[in-house]
Amino acid sequence: MASGVAGVGLSWPSKLAQRPNSIPPPSSSRSCGRCAVKMAVSFDDKKKTYTLKKSEEAFNIAKELMPGGVNSPVRAFKSVGGQPIVMDSVKGPYMWDIDGNKYIDYVGSWGPAIIGHADDEVLAALAETMKKGTSFGAPCLLENTLAEMVIAAVPSIEMVRFVNSGTEACMGVLRLARAFTGREKVIKFEGCYHGHADPFLVKAGSGVATLGLPDSPGVPEGATFETLISPFNNISAVKKLFDANKGEVAAVILEPVVGNSGFIAPKPGFLEELRKVTKQNDTLLIFDEVMTGFRLAYGGAQEYFGITPDLTTLGKIIGGGLPVGAYGGRRDIMEMVAPAGPMYQAGTLSGNPLAMTAGIHTLERIKEPGSYEYLNKISSELVLGILDAGKRAGHAMCGGYIGGMFGFFFTEGPVYEFADAKKSDTAKFARFYRAMLEEGVYFAPSQFEAGFTSLAHTSGDIQQTIKAAEKVFQKL
């Protein structure tokens, strides 16, 4: 396990002497190209009056065209209030909205942008690939290349199937687990989000938590009847579920580090005990690494914590910003998937050359020496700086980070499960969020979402963010 990890719920001291020593960004020869944003966009970075007039006009039109004006609920700012922002362009660690406002971005397209937005090398590779076509509907060599990279990186994966989203990956892996074991029940954890498939919309995180929906209408009782729920980080509750459902549980699925209820790290020993109890019950252990894959370490959370599940889902980073998902695992299990076996799953755009190209070039970049040390450094500076500023201003806060993933809560903590996260002062977070936007900082618009750093963020970006937070905390 890498050093310097801040477990969520820990009360950080005010002094920031714990920050790691200065670590330069990897591949410094590329850094100028990543950060030369002013030449790549048409907006003037000079300080101006903050306005969202154009966003408001565009969003009002959008609400007549799309449900809630968005294509994914959290973008509507329901939990933070205020005007949803319509974006125009991105580059490196920055975003610009259609009103010309510039933001330091800690959402990263919800995780994929680990090397920064609109990376020049990725864009150039995509341009070359597009000359050959955007979709074949047939095998291509790029699928082999990315599959080899994923298999080499992720400890649990011996074979992989590419799909088009994290939701699709989790749908496929659940069907596979049931097909392989001949069982139907699955254990999931409160606040863990595994996409919007019916069996998973029970005490889910992400937008379900953000909007305060207990479950989703339209999900039949039969679809969730076999879904068993446990609090995260509570191994005794998991064991009780196994005792009450002996020989019936096909799989245990979880985010090894929760990101869809805010950032919640596993307690020491929790993942080890899960691995032990699943083996004792001949049950498959599934890590949903759509968010944590290639973000905590090159081999994901399973490499970072040294725990190898039976099956893994991936997404986000492996597509480099294009729609993608994947599931993989032990060869004997994966050979159940059609056409090698009887478990059917298919996709029109699965393995399309654009997503494969962006994924290949993104993984090549983050594999370079020093990448994860740098991500850990800037994440620690950010989280420790924000927590220190908040506490000095008299606010109850806690938070943590691992690699390029972080989060903080407006509660004293500790936060070990979703019930703890819900103790946060969400009204205060909303005020903080809206004020930070005016200071040019873009966090996820929900207390219950993790944040992300990238190789494109600089120490200057981090310090600017902390200064903005100090200013905002004084006004809350």
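Asp 288 has Thr 313 of β9 as its bridge partner. These residues belong to a predicted model, in which local features need pLDDT of at least 70, side-chain atom pairs count only at pLDDT 80 or more, and totals for chains, interfaces and linings use all residues. Residues are numbered from 1 along each chain as its sequence is written, and side-chain values use heavy atoms, with hydrogens and water left out.

Helices (H or I, at least four residues) and strands (E, at least two) are DSSP runs, numbered from the N terminus. Two strands pair if DSSP finds at least two bridges between them. Strands β8 and β9 pair in the parallel sense over three bridges. They belong to an open sheet of seven strands with mixed pairing, ordered β4-β10-β9-β8-β7-β5-β6. Because β4 (159-163) and β6 (227-230) each have a single partner strand, one side of each is left without a neighbour in the sheet. From one strand to the next, the twist averages 20°.

**Four-stranded sheet**

A further open sheet, also of mixed pairing, has four strands in the order β1-β2-β3-β13. Its edge strands, β1 (87-91) and β13, each pair on one side only. β3 and β13 run parallel and are joined by two bridges; Ile 104 has Val 441 of β13 as its bridge partner.

**Helices across the sheets**

Contact means heavy atoms within 4.5 Å. Axes are lines fitted to C-alpha atoms, for helices over the stretch in contact, and angles run from 0 to 180 degrees between N-to-C directions.

| Helix | Strands it lies across | Angle |
|---|---|---|
| α9 (residues 270-280) | β5, β7 and β8 | about 165° to β7 |
| α16 | β2, β3 and β13 | about 105° to β3 |

**Helix α15**

Helix α15 (residues 426-438) has 13 residues and reaches 19 Å from its first C-alpha to its last, close to the 18 Å expected at 1.5 Å a residue; the expected span is 1.5 Å times one less than the number of residues. Its buried residues include Phe 429, Phe 432, Tyr 433 and Leu 437, where buried means under 20% relative accessible area (1.4 Å probe, protein chains only). Among the elements that cover the buried residues of α15 are β3, β12 (405-409), β13 and α16.

**Packing of α4 and α12**

The axes of α4 (residues 141-153) and α12 (residues 353-366) come within 9 Å and cross at roughly 35°. Leu 146 and Met 149 of α4 and Ile 360 and Leu 363 of α12 are among the residues that make the contact.

Technical notes. Buried < 20%, exposed > 50% of the residue type's maximum accessible area, 1.4 Å probe, protein only.
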